[in-house]
Amino acid sequence: QVQLVESGGGLVQAGGSLRLSCAPSGRTSSTYAMGWFRQAPGKEREFVAAITWSRGRTYYADFVKDRFTISRDNAKNTVYLQMNSLKPEDTAVYYCAAAGSVVSPQSRLISGQYYDYWGQGTQVTVSS
């Protein structure tokens, strides 16, 4: 079992930045990849970014490219989502997720169905 705890959400003005953190605990040795998803009120959950744990290969949704950066610190066992140039439409609950087994092809990491564990979410609100 893997537990995920997100932190770093909050209220920020448009154009500002936030950094989300996700610290997996428990049986993390088999973690293949970590991802961030978000869900805005009245909308479907959508993929934001993902990173493979061993090689650090990254994947991004088109709407966050060049604004958001996903990274991991293996020593701290933590995944980060650096969000810059935030827009009001980025307002959502952001969820961290972990894939506990190999996902192949890796392009499938954009789909939430390939993740085994989810955090409780952290609210990000961007004011105009």
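Let me start with a term: buried means under 20% relative accessible area, exposed means over 50%, and partly exposed is in between, using a 1.4 Å probe and protein chains only. This is a predicted model, where local features need pLDDT of at least 70, side-chain atom pairs count only at pLDDT 80 or more, and totals for chains, interfaces and linings use all residues. Residues are numbered from 1 along each chain as its sequence is written, and side-chain values use heavy atoms, with hydrogens and water left out.

Now the salt bridges. A salt bridge here is a side-chain nitrogen of Lys or Arg within 4 Å of a carboxyl oxygen of Asp or Glu. The count by this rule is three.

Take Arg 38, which is buried at 5% relative accessibility. Its partner Glu 46 has its closest O atom 2.7 Å from the N atom of Arg 38. Glu 46 is partly exposed, at 30%.

Arg 38 also pairs with Asp 90, at 2.9 Å, N to O. Arg 38 sits in strand β4 (residues 33-39) and Asp 90 in the loop between β8 and β9 (92-99), so this pair ties together parts 52 residues apart in sequence. Strands are DSSP runs of E, at least two residues, and helices are runs of H or I, at least four, numbered from the N terminus.

Asp 90 is buried, at 1%. Asp 90 forms a salt bridge with Arg 67 as well, at 2.7 Å, N to O. Arg 67 lies in the loop between β6 (58-60) and β7 (68-73), so that pair joins parts 23 residues apart in sequence.

To sum up, Arg 38, Glu 46, Arg 67 and Asp 90 are linked in a salt-bridge network.
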